[in-house]
Amino acid sequence: MIALPVVGVSAVDLTLRSAELTPGQTLSRQVGAADARIESTGLSGPVLQSPDGERYAPVGGYDKYRPDPEKKDAPLKDAVPAGAEAVQESRSSVKVHTRHGLLDTQLRELDVHHPLTGGLFTPLRGRLPRGPGEVIATAAFLEHSGLYVGSSVTPRGSKAPYRITGAYELPSELARDELLALPGTLLGPLDRDLTAAGAPGLHATDSFLVKVGGDGFTWNMVKEANAKGGLVRSRAVAEHPPADSAVPLYAQEPGQRYARPGPDGGRITEKAVVATVVGLALLEVCLLAGPAFAVGARRSRRQLGLVGANGGDRRHIRAIVLSGGLVIGAVAAVIGCALGVGLTIGLRPLLEEKIGSRFGSLDFRLPELLGIALLAVLTGLLAAFVPAVTASRQTVLASLTGRRGIRRANRVLPLVGLLAVAAGAAIALYGTRYRVSPTVVAGGSALAELGVVALTPVLVGLFGRLGRWLPLSPRLALRDAVRNRGRTAPAVAAVLAAVAGTVAVSTYQHSRDVQARHEYVAELPAGAGLLTANDNSAHKDVPTARETLTRTLPVAVRADVDRLSIGNPNCESYARDPGCGRVELIVPKEQRCPLHESEHGPADFPKEEVKKLRQDPRCALPRRMGSSFDTIVADEKLLQVLEVKDPGSVEALKAGRPVAFDRRVVKDGKITLRLVTDPAAAQKAAAVHAELPGQDKVLAVHQAPEGVDSWGVRVVLPPSAVKAAGIATAPVGAYFSLARAATTEQRQRLDGEIDRTGADVRVSIERGYQEDSTIGMLALAVFAGLVTIGAAGIATGLAQADSEADLKTLAAVGAAPRVRRTLSGFQCGVVALMGVVLGSAAGILPAVGLRLTQEREQRSLLQRAVEMGYSTADEPLYVPIAVPWDTLAGLLVLVPLGAAVLAALVTKSSGALARRAAG
């Protein structure tokens with residue numbers, strides 16, 4: 001019992017420490033054998049950066065950043081110092097044909113034979129590419145794609161396949177799907193193939209591995225590269241970072257925005273959960289191990305009596321029992337630490353796969369492991385302390401004859417327990433309301449639980465008053481438990497500790513689930529679904545996918561939807577490539593949000609004015625984002641799927657008249673669609689909040705009544721109205737409703753059919769809120785349940801150790817074996833029931849403390865959002881504390897019933913008669 005938590009804690013300690021990379025290991029995985037990596041930020045002009053390269057901003061700040069679309073940025077290579085050795089790396093992302101369909105994959109070009117690339121990746125099998133037509137793939141890609149070394153792979157749009165010559169892995173990104181080729185052999189040919197087919201070309205990002213020699217890539221060199229638009233990750237700067245006063249970024253940007261993260265790191269609630277769980281787990285071990293030691297001490301009381309008979313005093317008795325605790329604690333520490341380290345080493349590959357990153361090395365922190373071992377020894381001593389004191393107070397005669405003796409109840413202990421409960425509750429609530437501290441919450445919860453343990457003898461006596469309403473057997477068992485509180489209280493405490501942990505975990509998880517259910521926003525009506533293309537170039541796949549959908553699922557109504565298209569239908573919505581364009585739904589000027597029209601956005605307004613405008617209907621944010629398009633082309637079937645019951649809207653679409661659900665886009669019963677054919681000019685105009693250039697199409701619309709839920713769709717255009725306006729369309733997907741719920745087999749069949757056709761589409765079905773039970777919380781719940789069962793077993797053993805004399809008496813007077821088993825079962829069941837009731841009450845407090853901590857943290861974030869103008873003050877905060885009554889009911893029934901059945905099964909049905917000890 002003591003070794004089990006030692007195994008877990010030592011394994012977790014070694015795993016976390018080994019997963020923490022040193023700055024040198026981190027840089028080696030980022031820059032290889034080079035001195036630095038220079039990357040593009042995607043911003044135009046000079047930038048400022050933090051020393052670690054994680055944070056950056058344009059010179060002058062984002063509020064004043066206005067890129068000029070017509071100005072061509074300087075090549076990134078200009079940021080490479082003159083005379084430095086540099087290796088270029090290029091990246092892009094496309095979909096790749098696999099055995100299962102299409103897979104989002106990162107493409108990468110790099111001279112893998114150059115010495116500077118050492119450490120960026122780890123070859124696993126096969127060989128590196130040697131020329132055109134050859135790539136190597138990550139192990140994750142091979143697993144997800146169903147391909148293997150030696151097979152061929154074809155990026156979508158490529159005219160020629162590529163042969164996979166080897167496998168490799170990225171030490172810090174084991175799950176990345178990636179193909180790697182030599183420079184000029186993959187991205188360039190694929191870009192030409194896509195362009196020739198009329199599809200948008202690739203958008204590759206470049207970076208450079210740089211070797212300068214000497215003192216490395218210094219901070220001054222970093223600032224010079226920043227002036228040319230480059231972002232630098234430097235080994236020399238990481239090892240010797242400059243002072244904050246020498247970092248221009250910290251001087252330009254607000255401290256709270258770019259200051260290095262503090263010790264809390266925005267994870268107060270997580271730390272509170274961890275601290276509370278660890279604290280209560282250690283307390284449970286002590287409370288569970290204590291009765292276990294008591295069982296051993298009572299079974300060996302004759303041996304202890306012989307020690308007293310031969311001249312030993314109370315000090316010797318205590319020393320013997322405490323020595324047993326010390327030895328058991330030391331053995332548990334050694335075995336637990338050894339097993340924890342061995343499990344970590346043995347499961348290292350699995351742990352690395354789960355974390356998604358290779359360990360830098362096995363990092364044994366001897367002080368921490370010794371501290372864990374010392375804690376185990378201390379736990380053994382603490383667990384043996386009460387049994388040692390109890391055993392030392394037994395007289396020699398009582399120990400030798402097996403008499404129990406009668407002890408008067410301690411009148412001070414209940415008072416101490418009551419004060420501990422009150423003080424613990426006050427400390428825990430103080431930690432959540434006034435001083436958000438995980439240690440305070442955990443300490444208060446543990447103190448309150450100890451107070452309940454101290455009150456256990458008194459509470460057991462109160463339970464005895466219920467005996468008058470019970471049948472004979474359970475009444476005798478209850479009264480026997482009340483009369484022998486000396487053995488009943490430790491057994492009840494064991495069950496109490498375990499149940500308290502179970503209730504705390506269950507209450508916290510159930511409360512989070514209730515909050516998530518309350519905050520859940522459905523994207524579609526229940527049972528409705530959406531089939532949509534993943535990108536615009538997949539519009540040719542949509543008709544086939546629609547038919548596959550209807551053939552595979554029990555579709556009741558299918559509403560095919562198209563998008564408006566200007567120029568090349570393969571272009572993405574905001575592409576700037578020649579021949580591309582888009583259709584913009586124009587909001588009338590007087591109905592636009594002032595915060596979005598100002599040159600610098602909300603920064604141009606006082607904070608109070610921003611708060612006021614956030615409540616303006618013109619600036620209201622949509623409750624849900626159900627559609628990716630401002631306008632969508634469909635007929636009246638769409639309203640049937642979306643459950644729009646407005647007769648006027650249905651009749652308007654039937655008559656070929658558009659329907660608008662957003663009042664802000666309608667003026668005098670009309671909407672304006674602007675055909676943007678020059679995306680570069682449109683981007684330039686949008687940068688200064690000017691009117692977009694283009695041709696306007698004005699259409700009369702039907703305004704849907706206020707309050708009609710359109711599920712994110714703003715305007716629906718019937719095909720006839722679009723055709724009359726002279727605007728082209730392209731298939732984009734289909735909304736559908738189901739006659740009945742789709743089974744798992746049907747969903748799998750649909751996914752398989754879509755994969756086989758190679759259609760680049762996705763299908764989503766609104767199933768409502770789905771409970772999200774994380775692996776961590778599930779593991780805690782299972783562990784708490786196992787501990788509860790173990791506690792019931794300990795209570796059973798402790799009760800039977802003290803009831804042997806009663807069982808012998810029953811056997812002596814001729815009681816049937818069934819009677820002895822029934823009495824033993826009821827004795828243990830009564831003890832377990834009392835422990836469950838008290839543990840349920842004790843376990844609520846830590847859960848309440850954790851939820852109040854979470855509420856305070858979320859309220860602080862909400863207040864900050866209100867102060868910055870990103871939210872309104874009247875936005876409700878809902879952090880409920882919900883008790884899982886079904887779990888409590890299950891504990892109240894299953895744990896006592898399990899303990900009773902276990903005791904009845906292990907009670908001997910027959911045996912030799914023995915002399916009953918006098919007294």
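D668 sits in the loop between strand 17 (659-660) and strand 18 (670-676), where helices (H or I, at least four residues) and strands (E, at least two) are DSSP runs numbered from the N terminus. Its phi is near 55 degrees, a positive value in a residue other than glycine. At 72% relative accessibility, D668 counts as exposed; the cut-offs are under 20% relative accessible area for buried, over 50% for exposed and partly exposed in between, with a 1.4 Å probe and protein chains only.

A quick word on provenance: this is a predicted model, with local features needing pLDDT of at least 70, side-chain atom pairs counting only at pLDDT 80 or more, and totals for chains, interfaces and linings using all residues. Residues are numbered from 1 along each chain as its sequence is written, and side-chain values use heavy atoms, with hydrogens and water left out.

- E643 belongs to the loop between helix 22 (637-641) and helix 23 (647-654), and it is partly exposed, with a relative accessible area of 46%.

**Overall picture**

- The protein has 919 residues, and 46% of them are buried.
- Take the contacts (heavy atoms within 4.5 Å) between residues at least 6 apart in sequence: 80% of them join residues at least 24 apart.
- The accessible surface comes to about 45200 Å², and carbon and sulfur atoms own 58% of that; areas come from the Shrake-Rupley method with a 1.4 Å probe, and for residues only the protein chains shown count as cover.

**Confidence**

- The average pLDDT (the predictor's confidence in each residue, from 0 to 100) is 80, and 83% of the residues score at least 70.
- Residues 256-266 are a stretch to treat separately: pLDDT stays under 50 there, and the model has 15 contacts beyond four places in sequence for them.

**Salt bridges**

- The whole structure holds 33 salt bridges, each defined as a side-chain nitrogen of Lys or Arg within 4 Å of a carboxyl oxygen of Asp or Glu.
- D35 and K211 form one of them, at 3.7 Å from N to O. This pair ties together distant parts of the chain, 176 residues apart: D35 is in the loop between helix 2 (23-31) and strand 1 (36-40), while K211 is in strand 11 (residues 205-211).
- D35 is buried at 11% relative accessible area, whereas K211 is partly exposed at 33%.
- R127 pairs with E134, with the closest N and O atoms 2.8 Å apart. R127 is partly exposed at 27% relative accessible area, while E134 is buried at 15%.
- Salt bridges that share partners also tie R37, E89, R91, R108, E173, R176 and E178 into one network.
- Inside that network, E89 and R91 meet at 3.0 Å, N to O, and E89 is buried with a relative accessible area of 0%.

**Helix 21**

- Helix 21 (residues 607-614) has V610, L613 and R614 as its buried residues. Looking down the axis, they fall within an arc of 105 degrees, so they line one face of the helix; the arc is that of the directions from the helix axis to the C-beta atoms.
- An α-helix has 3.6 residues a turn, so residues three or four places apart point the same way.
- The buried residues of helix 21 pack against helix 20 (594-597), and the face turned away from the buried side carries the exposed residues E608 and K612.

**Nonpolar surface patch**

- L833, V837, L892, V893, L894, L897, V901, L902, L905 and V906 make a nonpolar surface patch of about 880 Å². Patch residues have over 30% relative accessible area and no salt bridge; like charges are joined within 9 Å, nonpolar side chains (Val, Leu, Ile, Met, Phe, Trp, Tyr) within 5 Å.
- Helix 29 (817-867) and helix 30 (885-906) each supply at least two of the patch residues.
- Helix 30 gives the largest share, eight residues, and L897 is located in that helix.

**S737 and its neighbours**

- S737 is part of strand 22 (residues 728-738) and is buried, at 16% relative accessibility.
- Leaving out residues up to four places away in sequence, S737 touches G527, A528, P554, V555, A556, V557 and V641.
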